[in-house]
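This briefing covers the pockets first, then the fold around them.

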Amino acid sequence: MDTILRIVISAAIGYLLGSINSSLVIGRFYGVDVRKHGSGNAGVTNTLRILGKTAALLVLIGDALKGIISCFVGYYIAGQTGAIVAGGFAIIGHNWPVYFGFKGGKGVLTSFAVMVFIDWKLAIIALGAFIVVVLLTRYVSLGSITGAIILPILAILFNRSIELIVFSIALGFLVIVKHHSNIERLINGTESKLGKKTG
């Protein structure tokens, strides 16, 4: 099979898997569209605020698995490049899901899962930065933004491949762009902190 075709197939599978937004699927069992409540984001943090810990745990598992599975499939089809492409498109699918009117989440958890598959060492360091920031500030969004910023820096410092550096820059850019409203609220002092429920 032609290399380009393999990469295209990896991208398509990654996008379709990524479009299975766990928070929206789980929300349907509760009769709730989390995009219409709280922060309006279809992700783990908003699910935790709206539907509670059990629902959030299910979303966490689902969003992580689809990133990992996409990378496995991509790797099987087209090697490391296929894994990166499939993982990247899984994140795009999560953010703009074809099954849910192209309105999804912010892709942080799926991004982390993809990075664990591609380069677990960088992923763990970025996770450490995320945890420290969240513990200090209780702002999940700030922790996510911090992780997104340091990821490409880590890729450069640890002398990773150009392919991985470019991917980490694109991944970080996507996370920051999807957090534009959170950045505004952080600046205005109106961002919700972890543990605070919103209706």
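The lining of the second largest pocket divides into 10 nonpolar residues, 1 polar and 1 charged (Ala, Val, Leu, Ile, Met, Phe, Trp, Tyr, Cys and Pro count as nonpolar, Asp, Glu, Lys and Arg as charged, the others, Gly among them, as polar). The model is predicted: local features need pLDDT of at least 70, side-chain atom pairs count only at pLDDT 80 or more, and totals for chains, interfaces and linings use all residues. Residues are numbered from 1 along each chain as its sequence is written, and side-chain values use heavy atoms, without hydrogens and water.

**Second largest pocket**
- Its lining includes I84, F89, E163, F167 and L174.
- A pocket is an open set of points on a 1 Å grid over the protein atoms alone, where a 1.4 Å probe fits, with protein on both sides within 12 Å along at least five of seven lines; lining residues have an atom within 4 Å of a point.

**Largest pocket**
- The largest pocket is lined by 45 residues, and T45, V108, F130, V140 and S144 lie nearest its centre.
- Its lining divides into 21 nonpolar, 18 polar and 6 charged residues.

**Fold**
- The protein chain has 8 helices and 0 strands (DSSP runs: H or I, at least four residues, for helices; E, at least two, for strands; numbered from the N terminus).
- The C-alpha trace spans about 50 × 40 × 25 Å along its principal axes.
- Of the 199 residues, 45% count as buried, meaning under 20% relative accessible area with a 1.4 Å probe, protein chains only.

How values were computed: Buried means under 20% relative accessible area, exposed over 50%, partly exposed in between (1.4 Å probe, protein chains only).
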